[in-house]
Every structure is written in C-alpha cells, then in structure tokens.
Amino acid sequence: MIQKVVIDSDAIYAIYNHNDPLHTKAIKTLEWLNKRHFQLIYPTSVIFEVMSLFQRVLSTPSVTMKIAEMIGRDLLIIYAIENELLKEATINRAIDKKVV
C-alpha cells in the first residue's frame, strides 16, 4: 500500500521561502518522503491559500506561476480531502516526528 501524506500550507511556504526558519527542515522532510515513495497529497484549499499568500501578501508571483504550471502539468496530486483520506494521512503524520 502506498503511504500518503497531506501537505499543509506551512510546509509549502517553508519550501519556497528560503528565509523561513523551517526551510531546511521542510526540504529535508520532502526529500525523506520522496526517497520512501510517499504519495504527497495537496488539499485544494491549501493550494489556493498558498498561491494567494505568495501572490498577494509576499509579492512573489513567480512562485505562484510555478505552482500553477505544476498543476497544469499534473505534477501535484490535488484532492478535496475527505474523512478517510484525512485519517490515513494523519496517521502518517506521526512519521514526521522521526524525520531529521
């Protein structure tokens, strides 16, 4: 069975913002998940929240365009999160305590 992890807005923000205090940990966690072939789940609400944040608040439209391009190329798995998927991903979240 493929393990799934729901990615939240804080993680995406930290990955793309080099000044974020969690940037290094977020990158290492993403690498750890990728090496172990976790399926990364991006909730619809999180994607729109992050795109709005980068475009409107932080004035970094290049990140917004990159995310939009990734969506257009089907590189992000975007879900409307349902209870069962959220429960499964929440269980996997405990793993992140062991990372880094």
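Predicted model: local features only at pLDDT ≥ 70, side-chain atom pairs only at ≥ 80, totals over all residues.
**Notebook: helix packing around α1 and α3**

The crossing of α1 and α3 is right-handed.

**Entry 1: α1 against α3.** I looked up the geometry of the pair. Helix α1 covers residues 9-16 and helix α3 residues 44-57; their axes come within 9 Å and cross at roughly 40 degrees. Angles under 35 degrees would count as roughly parallel, and α1 and α3 are therefore oblique to each other. Next I listed who meets whom. From α1 come Ser 9, Ile 12, Tyr 13 and Tyr 16, and they meet Val 46, Ile 47, Glu 49, Val 50, Leu 53 and Phe 54 of α3. By type, I noted 8 nonpolar residues, 1 polar and 1 charged in this contact.

**Entry 2: stepping back to the whole chain.** I wanted the overall layout before going on. The chain has 5 helices and 3 strands, and along the sequence they follow the pattern β-α-α-β-α-α-β-α. Of the 100 residues in the chain, 34% are buried.

**Entry 3: α1 against α2.** Back to α1, now with its other helix partner on my list. α1 and α2 pack with their axes 8 Å apart, at an angle of about 105 degrees. That makes α1 roughly perpendicular to α2. On the α1 side I found Ala 11, Ala 14 and Ile 15, which meet His 23, Ala 26, Ile 27 and Leu 30 in α2. This contact of α1 with α2 has 6 nonpolar residues, 1 polar and no charged.

**Entry 4: what is buried in α1?** I asked which residues of α1 are buried. They are Ser 9, Ile 12, Tyr 13, Ala 14 and Ile 15. The cover over the buried residues of α1 includes α2 (23-35), β2, α3 and α4.

**Entry 5: α3 against α4.** Here the axes come within 7 Å and cross at roughly 150 degrees. α3 and α4 are therefore roughly antiparallel to each other, and their crossing is left-handed. I read off Ile 47, Val 50, Met 51, Phe 54 and Gln 55 in α3, meeting Pro 61, Val 63, Thr 64, Ile 67, Ala 68 and Ile 71 in α4. The tally for α3 with α4 is 9 nonpolar, 2 polar and no charged.

**Entry 6: Val 63.** Val 63 lies in helix α4. Is Val 63 buried or exposed? With a relative accessible area of 12%, Val 63 is buried. Setting aside neighbours within four places in sequence, Val 63 is in contact with Tyr 16 and Phe 54. I also took the C-alpha separation of Val 63 and Val 50, which is 9.5 Å for a pair 13 residues apart along the chain.

**Entry 7: the nonpolar core.** Last, I looked up the largest nonpolar core, which has 17 residues; those touching the most other members are Ile 7, Ile 12, Tyr 42, Ile 47, Val 50, Ile 67 and Leu 76. The elements giving it two or more residues are α1, β2 (39-43), α3 and α4 (61-72). α3 gives the most to this core, with 5 residues. I followed up on Ile 47: beyond neighbours within four places in sequence, Ile 47 is in contact with Ile 12, Tyr 42, Ile 67, Ile 71, Leu 76 and Ile 78.

How values were computed. Residues numbered from 1 in each chain as written. Heavy atoms only, no water. Axes fitted to C-alpha atoms, helices over the stretch in contact; angles between N-to-C directions. Helix = DSSP H or I, 4+ residues; strand = E, 2+ residues; numbered from the N terminus. Parallel < 35°, antiparallel > 145°, perpendicular 65-115°, else oblique. Left-handed = near helix turned anticlockwise from the far one by under 90°. Contact = heavy atoms within 4.5 Å. Nonpolar A, V, L, I, M, F, W, Y, C, P; charged D, E, K, R; others polar. Core = buried A, V, L, I, M, F, W, Y, C linked by side-chain atoms within 4.5 Å. Buried < 20%, exposed > 50% of the residue type's maximum accessible area, 1.4 Å probe, protein only.
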